[in-house]
Amino acid sequence: MGENRALVVWGIRIDGMTCSHCALAIERAFRQVSGVLRAEASFEARQAWVLAGADVKEADLRQAVEGAGYKLVRADRRVPKWEGQARRSQFDLVVLGGGSAAFAAAIRAAELGAQVLLVERGTIGGTCVNVGCIPSKALLRAAEAVHRCEHLPFAGVQARLEGLAYDKLVRQKNELVASLRKAKYLDVLAAYPTVELRNAEAKFGNGGALYIDGERTTFERMVIATGAQPWVPPIPGLDGVSYLTSTEALALTELPHRLAVLGGSAVGLELGQMFSRFGVEVTVLEVLPRILPQEDEAVSTALRQYLEAEGLTIHTSAQVQRVERVRNGVGLSVVREGTAWQIEADQVLVATGRRPNTTGLGLDLAGIVTGPRGEVQVDAFLQTSREGVYAAGDVLGDPMFVYVAAYTGTVAAENALLGNLRPVVLGTVPRVTFTDPAVASVGMTETRARELGEPVAVATLPLEHVPRALVSHDPRGLVKVVVSRDSRQLLGVHIVAAEAGEMIQEASMAMRFGIGVDELAAALHPYLTYSEAMKLACQSLEKDVAKLSCCAA
Ligand SMILES: Cc1cc2nc3c(=O)[nH]c(=O)nc-3n(C[C@H](O)[C@H](O)[C@H](O)COP(=O)(O)OP(=O)(O)OC[C@H]3O[C@@H](n4cnc5c(N)ncnc54)[C@H](O)[C@@H]3O)c2cc1C
């Protein structure tokens with residue numbers, strides 16, 4: 001965008017939007033205007049952001065808004081170029097952190113022509129590449145390969161695992177991490193000469209002054225992107241055993257025999273299944289009544305059944321009261337509904353969520369307000385309670401995903417430099433849990449939709465109706481669609497399937513751009529793919545798909 005001088009951005013204040021459908025209607029109306037490339041609207045912020053050719057006029061945009069039945073209050077036009085107003089500091093933008101949100105912010109700022117200082121206290125690249133998405137998914141894929149070796153569903157095909165040199169696998173994972181860190185972070189920086197990286201710790205001091213490795217540094221605009229770290233619950237005795245978090249678990253070079261996993265959400269289940277497939281005896285302890293408690297109940301029930309069938313032990317509503325060293329490892333005292341028992345393990349993996357990295361940052365000294373979990377509070381433009389200071393990524397709290405981090409980093413940098421033109425639009429955030437089968441979802445659960453009082457229609461399609469699952473001899477899973485009876489729009493989609501992560505994007509796009517279930521049911525979906533599951537699930541709102549022939553329209 002910064003390369004193309006013929007483009008402009010507009011921040012447009014609009015009256016009359018009351019819901020996400022209004023925002024969608026406004027976006028559509030803007031896209032009809034010749035020369036408009038992208039439009040994002042937020043009804044909460046009463047604002048739209050439009051990227052357009054320089055010849056698009058305010059009158060064209062006004063006409064679009066009024067044609068859609070809303071009122072354009074004000075339109076601010078900016079050439080997406082930072083003009084480097086008189087600086088008190090050597091840098092136009094200081095970015096705290098060196099992970100995905102920080103990089104996205106720094107890159108967008110550099111594209112806009114700004115001088116940027118990126119301050120990272122640890123390893124460049126942050127969580128995703130070093131200790132999160134990349135290492136976990138690399139080892140999960142390996143665990144899946146190990147599992148498949150001994151669990152092939154095809155008649156007459158036999159295979160056997162000849163051996164597992166886990167240390168070699170971990171070395172390969174480390175090499176992948178190092179190469180991606182270089183390719184996607186260090187080498188990328190070289191392409192942006194106006195970004196300076198400093199390996200140092202940043203903190204606010206009295207009066208909100210910024211200190212970088214103890215040295216006072218002036219700044220005018222900032223993006224805080226300091227991420228999050230594992231949260232460890234205050235369980236008596238836990239500090240006395242050398243427990244693992246996901247970071248240490250992914251760095252182990254030797255496998256324990258028995259592993260207790262505290263937490264039955266995404267990270268606990270992904271790593272729990274992974275270790276189980278490498279031969280570790282895994283017990284998952286979840287304090288809430290079901291695993292993946294944020295997901296639709298049908299999903300939690302199905303996944304639990306598949307994981308238990310593979311040999312994982314799962315206890316829900318299980319409260320760990322105490323942890324202590326015992327002769328053969330670690331003892332965990334667990335209570336469920338008044339019944340107490342003891343579990344022994346060699347190691348404990350604490351996977352009870354992540355909390356923003358704000359402790360010790362001195363945000364209060366800078367007048368930057370945080371929430372109960374330390375998450376930085378921001379407005380619709382990602383500006384904190386201190387003018388000129390924005391925040392992005394995991395430091396904002398949930399949802400903590402790398403694509404959200406990158407998106408918010410971009411938006412924060414743009415607003416910091418160009419003014420508050422672009423509201424953050426996070427209406428449909430797809431989520432994936434990389435178990436096998438995987439879980440992927442977008443939008444509301446059935447329970448949530450019903451709580452909101454909207455008349456809903458629900459269909460659940462077992463994967464055994466999907467030809468792709470049948471030829472794979474893997475009918476595990478389901479697709480559940482939650483639909484508004486009035487508008488026939490999707491309110492939520494919940495998938496359990498081997499390739500759920502690849503399937504959810506269709507639902508996500510449909511929800512983002514207002515494609516209804518009848519259009520999805522009628523759209524051509526290639527036979528014989530998992531994507532047909534979405535079409536069939538939408539069809540099953542009206543029809544019994546068991547009575548349809550293959551790829552019936
Ligand atoms: C095991 C695991 C698996 C995951 N898998 C996925 C996945 O598959 N898909 C997905 O979308 N997301 C996944 N995530 C989440 C994803 O990794 C994060 O959402 C994302 O990396 C957050 O990026 P960020 O830039 O906000 O923070 P980070 O990447 O954590 O970057 C913050 C950086 O700030 C630095 N920092 C902190 N304080 C200071 C300070 N005072 N001064 C200077 N620097 C500081 C830190 O050292 C860190 O490098 C996973 C996370 C984990 C833990």
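This is a predicted model: local features need pLDDT of at least 70, side-chain atom pairs count only at pLDDT 80 or more; totals for chains, interfaces and linings use all residues.
Visitor: How far apart are the end C-alpha atoms of helix 10?
Guide: Helices are DSSP runs of H or I with at least four residues, strands are E runs of at least two, and both are numbered from the N terminus. The expected span of a helix is 1.5 Å times one less than its number of residues. For the 17 residues of helix 10 this gives 24 Å, and the distance between the end C-alpha atoms agrees, being 24 Å.

Visitor: How many residues of helix 10 are buried?
Guide: A residue is buried if 20 or more other C-beta atoms, placed from the backbone, lie within 10 Å of its own, exposed if 12 or fewer do, and partly exposed in between. Helix 10 is largely enclosed by the rest of the structure, because the buried residues among its 17 number 15.

Visitor: Is alanine 405 buried or exposed?
Guide: Alanine 405 belongs to helix 10. Contact requires C-beta atoms, placed from the backbone, within 7 Å; beyond its neighbours within four places in sequence, alanine 405 is in contact with residues including Gly99, Ser100 and Gly393. As 30 C-beta neighbours lie inside 10 Å, alanine 405 counts as buried.

Visitor: Which residue follows helix 10, and what is its phi?
Guide: The residue after helix 10 is glycine 419. Its phi is positive, near 95°.

Visitor: Which residues come nearest to the ligand?
Guide: A residue is near a molecule if its C-beta atom, placed from the backbone, lies within 6 Å of it. Of the 36 residues around the ligand, the nearest are Gly97, Gly99, Gly126, Gly227 and Gly393.

Visitor: Which elements give two or more residues to this shell, and how many of its residues are charged?
Guide: The contributing elements are helix 3 (100–111), strand 6 (116–120), helix 4 (126–131), helix 5 (133–150), strand 8 (202–204) and helix 10 (402–418). Ala, Val, Leu, Ile, Met, Phe, Trp, Tyr, Cys and Pro count as nonpolar, Asp, Glu, Lys and Arg as charged, and the others, Gly among them, as polar. The shell has 16 nonpolar and 14 polar residues, and its charged residues number six.

Visitor: What is omega at the cis peptide bond between aspartate 398 and proline 399?
Guide: Proline 399 is placed in the loop between strand 21 (389–391) and helix 10. The cis bond that joins aspartate 398 to proline 399 has an omega of about 0°.

Visitor: Is leucine 382 buried or exposed?
Guide: Leucine 382 is not a glycine, yet its phi is positive, about 70°. The residue lies in the loop between strand 20 (354–356) and strand 21. With 27 other C-beta atoms within 10 Å, leucine 382 is buried.

Visitor: Which residue of strand 17 stands opposite valine 323?
Guide: Two strands pair if DSSP finds at least two bridges between them. Strand 16 (residues 319–326) and strand 17 (residues 329–336) pair in the antiparallel sense over seven bridges. The two strands form a hairpin with two residues between them. Opposite valine 323 stands leucine 332.

How values were computed
Residues are numbered from 1 along each chain as its sequence is written. Two residues are in contact if their C-beta atoms, placed from the backbone, lie within 7 Å.
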